[in-house]
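Thank you all for coming. Please take a moment to look at the sequence and the structure, and then I will walk you through a few features in turn.

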Amino acid sequence: MDSDQRRSATPTRRGGSGQPRRADAERNIAAILAAAAGCFARDPQASMAEIAAAAGVGRVTLYAHFPSREALLGELMDRALREATATVAAQKLADSPADEALRTLLRSSWHLLDRNLRMLHAARRALPAETVEDRHADILATVEQLITRGQDEGVFRADLPAHWLVTSVYTLILAAGDQVESGRFTSAEALAALEATVASAVRPN
């Protein structure tokens with residue numbers, strides 16, 4: 001394959017105009033996302049003006065890439081959830097009994113949640129609840145697979161449908177995060193309470 005063929009075979013990221021995205025635009029996006037993550041970690045109410053200043057870009061540039069605060073929070077949430085999905089996938093949960101695998105999933109997910117807690121808290125305030133849940137679809141699908149497998153193995157209760165147990169686990173994770181955000185729990189206390197409550201909720205009668 002000659003150089004022209006290699007160039008034509010290599011996918012090029014393009015902007016809305018159909019032209020290759022400029023390197024400075026890529027740098028601006030990276031700077032905005034890094035600044036936004038830092039701003040929301042300090043203050044979930046951080047404004048777009050504060051984020052633009054922290055990123056070293058103008059508000060016009062910020063809004064060109066992220067037309068609203070909701071769009072920016074949505075992108076940050078998506079990135080955090082993609083990282084969580086990859087982390088969970090690396091745990092090889094299928095190699096462990098379902099109850100042990102669920103504990104592993106909770107612990108690995110919690111460490112990422114705790115690191116992004118204030119940003120995710122801001123996203124949950126800014127975005128509709130159904131949008132937030134939809135963005136968790138991959139993680140929730142993994143939890144449902146574990147719950148279903150655990151029911152088949154006899155380690156999780158089968159008197160309730162798997163989808164209800166998944167909803168219960170999801171709600172408990174969010175509640176644990178809220179307890180840390182409000183200062184009622186430390187991160188370690190929240191994780192311990194989460195593990196105990198989930199285990200009690202899914203245990204066979």
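Predicted model: local features only at pLDDT ≥ 70, side-chain atom pairs only at ≥ 80, totals over all residues.

**The cavity and its surroundings**

Let me begin inside the protein, where the largest cavity holds about 350 Å³ of space. A cavity here is a set of points, on a 1 Å grid over the protein atoms alone, where a 1.4 Å probe fits but cannot get out, and the volume is the space filled by probe spheres set on those points, which are joined across faces, edges and corners. Residues are numbered from 1 along each chain as its sequence is written, and side-chain values use heavy atoms, with hydrogens and water left out.

Which residues lie nearest the centre of the largest cavity? They are Leu 81, Leu 113, Leu 120, His 136 and Ile 173, out of 23 residues that line the cavity, where a lining residue has an atom within 4 Å of a point. H5, H6, H7, H9 and H10 each give at least two residues to this lining, and H10 gives the largest share, with six residues.

Stepping back, the protein has 11 helices and zero strands, counted as DSSP runs (H or I, at least four residues, for helices; E, at least two, for strands) and numbered from the N terminus. Of its 205 residues, 35% are buried, meaning under 20% relative accessible area with a 1.4 Å probe and protein chains only.

In soluble globular proteins, nonpolar side chains tend to be buried together. In this model the largest nonpolar core has 57 residues, and among those with the most contacts inside it are Ile 32, Leu 72 and Trp 110; such a core is a set of buried Ala, Val, Leu, Ile, Met, Phe, Trp, Tyr and Cys residues joined through side-chain atoms within 4.5 Å. Leu 72 touches Ile 32, Leu 33, Ala 36, Met 48, Ile 51 and Phe 66, leaving aside residues up to four places away in sequence, where a contact means heavy atoms within 4.5 Å.

Technical notes
Buried < 20%, exposed > 50% of the residue type's maximum accessible area, 1.4 Å probe, protein only. 1 Å grid on protein atoms, 1.4 Å probe; cavity = no way out; pocket = protein on both sides within 12 Å on 5 of 7 lines; lining within 4 Å.
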